[in-house]
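Let's take a walk through this protein together, one region at a time. Keep the viewer open and follow along.

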Amino acid sequence: MTDGRVKALFNRKITLFGLAAVLAALVATSFSGTALAYTADDPAVIYHSWVDQNEDGVIDAADEVADDEGNMALVPAEINAGDNAWMLTSSALVLMMTPAGLAMFYGGIARQKNAVNTMHMVFITTGVIAIQFTLWGYSLAFGPDAGGYGFIGTLDWVGLNNVLHDVPSAAYYGINGPTIPHMTYMVFQMMFAIITPALIVASVAERMKFSAFLIFIVIWATFVYDFAAHWTWQITGADNYGLTPGYCNFGGPGGAAGFGGCVGALDFAGGTVIHITSGWSGLVIALMLGRRLGYGKVPMEPHNVSLVVLGAALLWTGWFGFNAGSAAAAATNATSAFVATQIATGMAAVTWALISWGHTGRPSTVGAASGAVAGLVAITPASGFVSPMSSIIIGILASIVCYAAVAFKNKRKWDDALDTWGVHGIGGLAGALLTGVFAEKRFTPWGDDGLAFGNPQQFIDNAAGAFAALAWSLGITAIIIKIMDAVWPGGIRVTPKEEEVGLDLAQHGERAYVM
């Protein structure tokens with residue numbers, strides 16, 4: 001049997017295995033759902049917010065009231081239409097960032113012969129992780145804590161079981177209280193889960209097998225992203241929904257939290273969970289895959305600057321949903337996060353352009369776009385906690401450290417092809433540490449003041465959370481890649497011939513441009 005037929009057979013087996021896994025998960029999940037009239041004995045009740053009719057602090061049968069037909073049911077906490085509309089809009093904005101913004105940004109930076117492959121990797125991640133997050137990712141990342149250690153969630157919400165579309169969560173809501181449906185919060189977080197592994201495409205670009213990438217992102221999302229999201233962002237009802245008496249209370253809107261929250265680390269919109277995990281994982285993969293053929297010997301400049309700028313513009317626009325949406329309501333801290341995002345990003349774009357102008361003698365257009373992304377990354381964890389003036393400082397510092405990181409990477413000949421590590425890994429780490437410096441509690445009540453405002457402990461807490469996520473990402477990603485490369489037929493890297501021809505034709509049989 002020829003190598004081509006072996007490869008085709010293996011790819012078919014992978015496809016069938018993936019479909020079988022999805023079907024098995026669906027069969028194992030209850031499709032009965034929950035009735036629209038919820039009673040106290042419904043298993044979903046404990047995870048949601050209800051009107052406490054007798055004001056005794058306990059939701060039970062005594063809180064049920066008769067509806068127009070005489071049926072007894074609990075009364076859900078009131079949903080605010082404005083908050084819900086903002087969160088659904090934010091979800092759409094964040095979704096746009098991946099198959100539109102990031103795909104164009106990365107596709108433009110890639111060489112022409114690999115543009116389709118690069119965009120396809122980003123685009124397909126949108127679908128693959130949407131399913132992973134629905135089936136088990138949301139439960140692991142945001143569900144009740146398993147064991148009370150703040151490390152990973154249970155499977156109580158697998159298949160979105162017990163996640164209601166018409167009742168607010170008991171834990172996940174904004175500073176004005178539970179005003180959005182639990183399922184709205186879930187779909188917002190789904191968009192974050194989607195973009196995180198998509199960011200890693202920049203590190204594997206132009207040399208990883210497409211089939212291997214599909215399996216990798218499912219494993220990575222489960223064992224890296226879901227864990228980091230749980231210990232940083234997971235919040236529960238009191239005492240871990242009653243499962244763990246004395247479970248940590250970090251003072252957030254819902255009360256109890258994963259161990260990162262208990263440590264006191266602040267991450268408003270994902271500097272640690274998204275950018276540190278993807279950026280440092282990307283570095284590990286780039287080093288383990290090895291350099292592209294001809295790296296440092298043949299030109300590898302971006303093939304389409306127009307796509308780069310358009311992609312960066314879509315990312316910039318979508319990032320308002322990313323950061324301001326993380327307020328979980330159309331609240332005052334959504335406004336401050338929106339403003340901080342714009343100011344830091346603008347400052348970072350200008351700073352990077354000036355640095356490259358001084359360094360190379362020309363103001364780089366791609367550099368300005370990269371600077372904007374660096375600013376967006378760095379302001380992400382700080383956005384709901386910092387002032388406009390602090391945002392300017394963060395924007396300046398983000399471009400300086402990320403520009404230096406890219407220069408350092410190039411000098412070391414680390415072939416992180418599209419700079420996941422230099423922009424997201426370093427930018428995310430800088431943003432997390434700067435959040436510990438410039439945070440102010442006046443913007444988001446469940447936050448705290450940072451080092452610059454008399455609280456050095458916040459800087460220490462943020463550093464602990466950031467470096468814990470960094471270490472976890474490095475170790476687990478290295479294990480995943482090592483195992484996959486050992487068991488995958490021919491390894492996870494494409495052959496030298498395929499790499500020379502280009503992955504567009506070798507992997508997909510398509511060209512970016514047909515003249």
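**A helix end and its partners**

At 13% relative accessibility, I109 counts as buried, because the cut-off for that label is under 20%. This isoleucine sits in helix α2, which covers residues 81-109. If neighbours up to four places away in sequence are set aside, I109 touches E301, P302, H303, V308 and L418. Look at L418 in particular: 309 residues separate it from I109 in sequence, yet their C-alpha atoms are 6.8 Å apart in space. Please bear in mind that you are looking at a predicted model.

The largest nonpolar core has 103 residues, and Y138 and F216 are the ones with the most contacts inside it. What does F216 touch, beyond residues up to four places away in sequence? Its partners are I200, M208, I285, T477, I480, I481 and M484. There is also a second, separate core of 12 residues, and I276, L283, I426 and L429 are among its members. As general background, nonpolar side chains tend to be buried together in soluble globular proteins.

Aromatic rings deserve a stop of their own. The structure holds 29 aromatic pairs. One of them joins Y47 and Y241 in an edge-to-face arrangement, with 4.9 Å from centre to centre and 85° between the planes. This pair links distant parts of the chain: Y47 belongs to the loop between α1 (3-28) and β1 (65-66), while Y241 belongs to helix α7 (residues 238-241), and the two are 194 residues apart. Are these two tyrosines buried or exposed? Y47 is buried at a relative accessible area of 7%, and Y241 is buried at 5%. Both also take part in a cluster linked by ring pairs, together with F133, Y138, F142, W157, Y172 and Y185. Y138 is a name you have met already, as one of the residues with the most contacts inside the largest nonpolar core.

While you are at helix α7, have a look at N240, which is placed there too. Its phi is near 55°, a positive value in a residue other than glycine. N240 counts as buried, since its relative accessibility is 0%. Whereas N240 is buried, E55 is exposed, with a relative accessible area of 70%.

Our last stop is helix α13, which spans residues 388-412. S391 lies in this helix and counts as buried, because its relative accessibility is 0%. Apart from its neighbours within four places in sequence, S391 is in contact with A340, I343, A344, I379 and V386. I400 is found in helix α13 as well, but this residue is partly exposed, with a relative accessible area of 41%.

Notes:
Residues numbered from 1 in each chain as written. Predicted model: local features only at pLDDT ≥ 70, side-chain atom pairs only at ≥ 80, totals over all residues. Heavy atoms only, no water. Helix = DSSP H or I, 4+ residues; strand = E, 2+ residues; numbered from the N terminus. Buried < 20%, exposed > 50% of the residue type's maximum accessible area, 1.4 Å probe, protein only. Phe/Tyr/Trp six-rings, centres within 6.5 Å; stacked < 30°, edge-to-face > 60°. Core = buried A, V, L, I, M, F, W, Y, C linked by side-chain atoms within 4.5 Å. Contact = heavy atoms within 4.5 Å.
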